[in-house]
Amino acid sequence: QQQLVESGGGLVQPGGSLRLSCAASGFTLDSYAVGWFRQAPGKEREGVSCISSSGGSINYADSVKGRFAISRDNAEDTVYLQMDNLKLEDTAVYYCATDLFCVPSTLSFRRREDYLSWGQGTQVTVSS
């Protein structure tokens with residue numbers, strides 16, 4: 001069974017940093033684009049960033065540009081989301097998902113079924 005496992009979430013003060021990791025179980029990530037999504041309480045799930053299988057194509061939501069950086073290490077079969085200068089509004093459960101491509105529309109979340117696999121999520125809380 002293909003599963004993704006997120007880690008690295010936690011509680012951080014505004015202006016702080018966290019690095020999230022997304023690893024695969026039961027398959028390898030290197031053939032897939034990977035996206036990060038988040039869902040805050042009472043809000044729709046939204047796309048944050050994605051990276052193509054080769055790492056050559058990257059997209060970010062406007063709300064995180066200049067603060068978040070996505071990367072992948074195919075040797076470690078892991079995708080990372082470095083989050084700097086965190087804001088209160090970044091508080092959410094963060095999920096990673098696989099897709100065939102990373103294009104701007106990849107971040108336009110509509111349905112879970114539009115993506116190949118999902119993780120269970122990791123909580124990020126930004127609070128003073």
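I began with the cysteines and found that the structure, which is a predicted model, holds two disulfides. As a reminder to myself, a disulfide is a covalent bond between the sulfur atoms of two cysteines.

I looked up the link between Cys22 and Cys96, where the S to S distance is 2.1 Å, and noted that this link is right-handed, with 75 degrees about the S-S bond. Cys22 sits in strand β3 (residues 18–25) and Cys96 in strand β9, so this pair ties together parts that are 74 residues apart in sequence.

I turned next to the disulfide that joins Cys50 to Cys102, with an S to S distance of 2.2 Å. The link of Cys50 and Cys102 is right-handed, and I read 75 degrees about its S-S bond. This pair links distant parts of the chain, 52 residues apart, with Cys50 in strand β5 (residues 46–51) and Cys102 in the loop between β9 and β10. Cys50 is buried, and Cys102 is buried too.

How are the bonded cysteines paired when they are numbered in sequence order? I wrote down the pairing as 1-3, 2-4.

My last entry concerns the surface, where Leu100, Phe101, Val103 and Leu116 make a nonpolar patch of about 390 Å². I located Leu100, one of these residues, in the loop between β9 (92–99) and β10 (117–118). Is Leu100 buried or exposed? Its relative accessibility is 52%, and because exposed means over 50%, Leu100 counts as exposed.

How values were computed. Residues numbered from 1 in each chain as written. Predicted model: local features only at pLDDT ≥ 70, side-chain atom pairs only at ≥ 80, totals over all residues. Heavy atoms only, no water. Patch = residues over 30% accessible without salt bridge, like charges linked within 9 Å, V, L, I, M, F, W, Y side chains within 5 Å. Areas by Shrake-Rupley, 256 points an atom, 1.4 Å probe, with all protein chains shown as cover. Salt bridge = Lys/Arg side-chain N within 4 Å of Asp/Glu carboxyl O. Helix = DSSP H or I, 4+ residues; strand = E, 2+ residues; numbered from the N terminus. Buried < 20%, exposed > 50% of the residue type's maximum accessible area, 1.4 Å probe, protein only. Disulfide = S-S within 2.5 Å.
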